[in-house]
Amino acid sequence: LILEKSKPFVSSLATSRAEVKTPSSPATSMASSFLGAFGAKKSQPSSSKSFKFVSVGSQFKESLGQLMNTLEQTKPHYVRCIKPNGRKLAKTWEVLPTLHQLRCLGVLEALRISSLGYPGRLLYPPFYERYRILNPNRPHPKKDTDPKVGCQRLFQHLNVKKDEYQIGLSKLFLRAGLVAWIEKQRTDKLNA
């Protein structure tokens, strides 16, 4: 009877959350569809007519668990929004409120740490492919399969101090100015 209603919302209530796959009679089918629409789930098969209502708290807990699983499987990126002025005018910057927002978001601190540390962060394959010409002892490109090892050999050949770079799992971390110096070495080698 509910399934035959002309309103799509009413008919979806009867079918959307039904948990019973093969009901024993039309009456139990109707009851399970109706109760399923309002958050009730059929209990263990030991009692055929008992239903357990799902509380809001357990629905929230299940939803939160699904969200946490999704977040663990992804790599989220965050966008920090800065309000340039309180009057919402285009092309108008108020310095003090903007600096306050940057401090609160940690942007200024992140920039300070980055400039003191290793601001150059590059992946191994593109870095090695571009600068491998600087190492005269380099093997043939087909034989040299590990760009990480190739980058280490390149730095040894160029006599770069160990504190000027760090080897990470997938990236090189370079101090400020090192990339420019290596690029100059590459340009000189190509022009020679």
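Predicted model: local features only at pLDDT ≥ 70, side-chain atom pairs only at ≥ 80, totals over all residues.

Me: What makes up the secondary structure of the protein chain?

Reply: The protein chain has eight helices and five strands. Helices (H or I, at least four residues) and strands (E, at least two) are DSSP runs, numbered from the N terminus. From the N terminus on, the order is α-α-β-β-α-α-α-β-α-α-β-β-α.

Me: Why is Thr 98 called buried?

Reply: Buried means under 20% relative accessible area, exposed over 50%, and partly exposed in between (1.4 Å probe, protein chains only). Thr 98 has a relative accessible area of 9%, and is therefore buried. Thr 98 lies in helix α4. Leaving aside residues up to four places away in sequence, Thr 98 touches Ile 82, Lys 83, Pro 84 and Trp 93; contact means heavy atoms within 4.5 Å. In the protein chain, buried residues make up 20% of the 192 residues.

Me: What makes Lys 88 and Lys 91 exposed?

Reply: Lys 88 has a relative accessible area of 77%, so Lys 88 is exposed. Lys 91 counts as exposed because its relative accessibility is 85%. Lys 88 is placed in the loop between α3 (56-73) and α4 (95-105), and Lys 91 is also found in the loop between α3 and α4. Each has a positive phi in a residue other than glycine: near 60° for Lys 88 and near 55° for Lys 91.

Me: How do you know that β5 pairs with β3 and with β4?

Reply: Two strands pair if DSSP finds at least two bridges between them. Strand β3 (residues 120-123) and β5 are joined antiparallel by four bridges, with Leu 123 opposite Lys 171 in β5. Strand β4 (residues 165-167) runs antiparallel to β5 and is joined to it by three bridges; Tyr 165 has Leu 174 in β5 as its bridge partner. Three residues lie between β4 and β5 in the hairpin that they form.

Me: Which residues belong to the covered face of β5, and which to the uncovered one?

Reply: In strand β5 (residues 171-174), Leu 172 and Leu 174 form the covered face, while Lys 171 and Phe 173 form the uncovered one.

Me: Why are α6 and α7 called oblique to each other?

Reply: Two packed helices are described by the angle between their axes and the distance between the axes. Helix α6 (residues 124-131) packs against helix α7 (residues 147-157) at about 45°, and their axes are 9 Å apart. Angles under 35 degrees count as roughly parallel, over 145 as roughly antiparallel, 65 to 115 as roughly perpendicular and the rest as oblique. The pair α6 and α7 is therefore oblique.

Me: Which residues of α6 and α7 meet?

Reply: Tyr 124, Pro 125, Phe 127, Tyr 128 and Tyr 131 of α6 meet Pro 147, Lys 148, Gly 150, Cys 151, Leu 154 and Phe 155 of α7. The residues of this contact divide into nine nonpolar, one polar and one charged. Here Ala, Val, Leu, Ile, Met, Phe, Trp, Tyr, Cys and Pro count as nonpolar, Asp, Glu, Lys and Arg as charged, and the others, Gly among them, as polar.

Terms used: Residues numbered from 1 in each chain as written. Heavy atoms only, no water. Axes fitted to C-alpha atoms, helices over the stretch in contact; angles between N-to-C directions.
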